[in-house]
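User: I'd like to talk through this model, starting with the ligand and moving out to the sheets. Could you take my questions one at a time?

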Amino acid sequence: MEYLVEMEGISKRFGIVQALDNVDFYVREGEIHALLGENAAGKTTLMNILYGRYKPDSGIVRIEGREVNFKSPKDAIKAGIYMVPQFPQLVSTLTGLENLAPLGRERIRFKKIKQMALEICEDYGFNLDLDKPVWTYGLAQRRMLNVVQAKIVDKLYGIKVLIYDEPLTFLSPKEKKKIVDSMERMREEGKSVIFITHNIPKALEIADRTTVLRKGKVVGVYEKEDFEKERIYRDMFGGYVPKQRKRKREVKDKIIFEVRNLTVRDDYGEIRVKDVSFAVREGEIYGILGLPGMGGQRILVEALIGLRKAKGKIVANGEDITKYSTRKRRKYIGFIPEDRMKYGIFGGSLFENLYLGEFLEGGFFIDWDEVKRKCERLVSEYEIATPNLDFPAVCLSGGNIQRLILAREVGRRLILIAYSPKVGLDARTCDFIDRKLEEQARKGCVVLISYDIEEVLGICDRIAALYEGKLVKEFDAREIKMEDLEKALVGEI
Ligand SMILES: Nc1ncnc2c1ncn2[C@@H]1O[C@H](COP(=O)(O)OP(=O)(O)OP(=O)(O)O)[C@@H](O)[C@H]1O
Ligand SMILES: [Mg+2]
């Protein structure tokens, strides 16, 4: 038997979107198979079908040569297939441990699950407090908990095929390495791993084979010896290959945004941001980088945009805004949230999500025709793929939701606070976001807050390292040494 997983002629349509169109996908035993494609190519949908979450409109799935018709992920798990989801799926009001509990069979005790979870956390170096409710977790910790879940399922039931949908997002370099190592370990044990990622260099480094999807169709299948980055980018994006751009920006002397001695507490009253000070100049993109779960970025962001009380001073364009509400701060500050689904859009149409900003600014009299024309211009400038302006924003793909948020937030105000703006997005969209951040910087400045070294390198002028809520060091991005930066991020300056 050559293939462990065989998916043949798979099609799936959601309303007017043909997510998958006659896809053939094969996975061998003991291989790491990279499943690549731009945002909305159909990767997650294909895997949701394999995992029994969706039923295909047509096509068949065979595992070890036998046709299967999974009714739910439970059936898939029984057949040895497990999927770590792209976006953590957890119950926020329960603790980390409680979220793991349903994985145990009746005879397996809570205590045993906890012990297993602690061992896995230790092994991966995950910094997780399993007794805290999940709503206090950032995305990094949620992702970690999902990985712990997968490992427990493997220990209890045995996994033959692990589907990892974007496992590297939200994690630190060390944790990423652990995940990659664990994939290689699984391969050695003869298990198969399906690895979905937008990190193409990483995929090509560790995968044995790759399948490339574009607009719901398979456009390429390559064996390791035929991996060629440019060709794969071309397959993915229909011709586009990302290039290094030259920086064309001038940082002026004028300070536009200043934070002085900011100290912020979390919901438990613990100090999470300690005495942070920085100043961002006109034309500048200022990066604030901290490792997931270690820096205190989320608490800092909440304080900057006015969602959390803070001690200290925040000054925008010379005006003390420390006491201002979030809404009042919007006079100066545009914001790109980390969790774009939850905080970036609401359940209205694309049009409503775009004009929201106009409405706040427009006072009582709104020229609807003008607003509509503006929105149409934005849709085309930001290349938002949508059937029309009335399309529900929540139904757009991840990349298009981010383009919508950018369209609303970029260039309207002096300061843009962008929190993990590129997370989960494909190389072309990331490149587009970089261009828009530069455009914003030319009109004022950008504060780019991130977990991910790659997200800030190449775009920021200065990078500040955050460790346990303290701004431990500021680097000039042009002469940064990776080694020094990595040390600062773990507090070893
Ligand atoms: N439950 C759903 N309802 C409606 N449309 C959906 C649903 N799931 C996916 N789609 C649509 O199907 C297409 C493929 O989506 P999918 O999530 O599989 O892409 P992807 O390749 O995983 O993208 P990404 O890299 O952004 O995760 C997209 O246009 C998406 O909007
Ligand atoms: Mg996906």
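User: Which residues come nearest to ligand 1?

Analyst: The shell around ligand 1 has 16 residues, where a residue is near if its C-beta atom, placed from the backbone, lies within 6 Å of the molecule. Keep in mind that this is a predicted model, where local features need pLDDT of at least 70, side-chain atom pairs count only at pLDDT 80 or more, and totals for chains, interfaces and linings use all residues. Residues are numbered from 1 along each chain as its sequence is written, and chains are lettered from A and ligands numbered from 1 in the order in which they are written. The nearest of the shell are Phe-14, Ala-19, Asn-39, Thr-44 and Thr-45.

User: Which element gives the most to the shell around ligand 1?

Analyst: Strand S2 (17-28), helix H1 (43-50) and helix H14 (398-409) each supply at least two residues. Helices here are DSSP runs of H or I with at least four residues, strands are E runs of at least two, and both are numbered from the N terminus. With three residues, the top contributor is H1.

User: How do the residues of that shell divide into nonpolar, polar and charged?

Analyst: Ala, Val, Leu, Ile, Met, Phe, Trp, Tyr, Cys and Pro count as nonpolar, Asp, Glu, Lys and Arg as charged, and the others, Gly among them, as polar. On that basis, the shell around ligand 1 has six nonpolar, nine polar and one charged.

User: Which residues touch the most other members of the largest nonpolar core?

Analyst: A nonpolar core is a set of buried Ala, Val, Leu, Ile, Met, Phe, Trp, Tyr and Cys residues joined through C-beta atoms within 7 Å; buried takes 20 or more other C-beta atoms within 10 Å of a residue's own, exposed 12 or fewer, and partly exposed is in between, with C-beta atoms placed from the backbone. The largest core has 136 residues, and helix H5 (residues 139-157) brings the largest share, eight residues. Ile-163 touches Met-47, Leu-50 and Ile-194, among others. The two that touch the most other members are Ile-163 and Ile-417.

User: How many of the residues of strand S8 are buried?

Analyst: Ser-192, Ile-194 and Ile-196 point one way from S8, while Val-193 and Phe-195 point the other way. Strand S8 (residues 192-196) is mostly covered, and the buried count is five of its five.

User: Which residue of S14 is the bridge partner of Val-259?

Analyst: The open sheet S12-S11-S14-S15 has antiparallel pairing. Within it, six bridges join strand S11 (residues 255-265) to strand S14 (residues 310-316). The partner of Val-259 is Ile-314.

Technical notes: Pairing = 2+ DSSP bridges. Contact = placed C-beta atoms within 7 Å. Lists of a residue's contacts leave out its neighbours within four places in sequence.
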